[in-house]
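Please read the following points with the sequence and the coordinates open beside them. They are arranged by topic, and each can be checked on its own.

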Amino acid sequence: EVVVLNVNYRHTPEFTHPTQWNDAEDAFEWAHDNMDKLCCNPSKVVLGGISAGAWVASSLTLDRHLNRENNRRPPLAGQVLMIPCLAHLDCYEPQLKKMKHHSVSSYKENELAPLLSVSELRYFTSFLKIKNPDVKDVKLNPGNATPAQVKGMPPTVLGIVGLDPLRDEALLYAKMLTEAG
């Protein structure tokens, strides 16, 4: 007895940032406005996505959590993030600071990964057309959130691939969520 709503947000290169994030928010609001038609329980909503979709889902989940006092919707029941991008490439410094040394970074170890290389990641991300991204913008960089910001987040399932430049940001996010309860 599960209802799955698969939102096909508008994609790059035709649509740039923040279109994808706005589409996800609009879909979330539409779903809540139509819970009776969808036969869904509004207190049991789980957001999820794969790769860039996980980036958008994690951002929306964090945004809903950070603005929970102003939300007219129930808190999310969880999130499922498969091979997520959690920080813009140009905002990755806080991720590197969490590691023992940048030389063990998945960006270095998996620079030429067979499914997604760092140069391909940079190429795809460039389609967002983000000029001067702010490292502290947790809507763009949910992986750069602080432990205080993620405290009390809903349960999270992460799918992480070893041969992926994005591996470490997912592992670091999982660690921070776990440590923050």
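1. Over the face of which ring does R10 lie, and at what distance from the ring centre? The ring is that of F15, and R10 lies over its face at 5.1 Å from the centre; a charge is taken to sit over a ring if NZ of Lys or CZ of Arg is within 6 Å of the ring centre and within 35 degrees of the ring normal.

2. A word on the basis of these remarks. The model is predicted, so that local features need pLDDT of at least 70 and side-chain atom pairs count only at pLDDT 80 or more, while totals for chains, interfaces and linings use all residues. Residues are numbered from 1 along each chain as its sequence is written, and side-chain values use heavy atoms, with hydrogens and water left out.

3. Four aromatic pairs are found in a search of the whole structure, where rings of Phe, Tyr and Trp (its six-membered ring) pair if their centres lie within 6.5 Å, and planes under 30 degrees apart count as stacked, over 60 as edge-to-face and the rest as tilted. The ring centres of W21 and W55 are 5.4 Å apart and the planes stand at 85°, so this pair is edge-to-face. Because W21 belongs to helix 1 (residues 19-33) and W55 to helix 3 (residues 52-66), the pair ties together parts that are 34 residues apart in sequence; helices (H or I, at least four residues) and strands (E, at least two) are DSSP runs, numbered from the N terminus. Both W21 and W55 are buried, where buried means under 20% relative accessible area, exposed over 50%, and partly exposed in between (1.4 Å probe, protein chains only).

4. Y92 and Y107 form a stacked aromatic pair, with 4.1 Å from centre to centre and 10° between the planes. Y92 lies in the loop between strand 2 (78-82) and helix 4 (93-97), and Y107 in helix 5 (residues 106-109), so the pair ties together parts that are 15 residues apart in sequence. Y92 and Y107 are both buried. Elsewhere, Y123, F124 and F127 form one aromatic cluster.

5. Leaving aside neighbours within four places in sequence, V150 is in contact (heavy atoms within 4.5 Å) with residues including L62, H65, Y173 and M176.

6. H65 lies in helix 3 and is buried, with a relative accessible area of 7%. Beyond its neighbours within four places in sequence, H65 is in contact with Q149, V150, K151, G152 and M153. H65 and P75 are 10 residues apart in sequence, and their C-alpha atoms are 7.3 Å apart in space.

7. Strand 1 pairs with strand 2 in the parallel sense over five bridges, the criterion for pairing being at least two DSSP bridges between the strands. The bridge partner of G49 in strand 2 is L81.

8. Some backbone details deserve a check. The peptide bond from T12 to P13 is cis, with omega near 0°, and a cis peptide bond also joins H17 and P18, with omega about 5°. I83, in the loop between strand 2 and helix 4, has a positive phi near 35° although the residue is other than glycine, and counts as partly exposed at 27% relative accessibility. K129, another residue other than glycine, has a positive phi near 60°; K129 is placed in the loop between helix 6 and helix 7 (147-150) and is exposed, with a relative accessible area of 54%.
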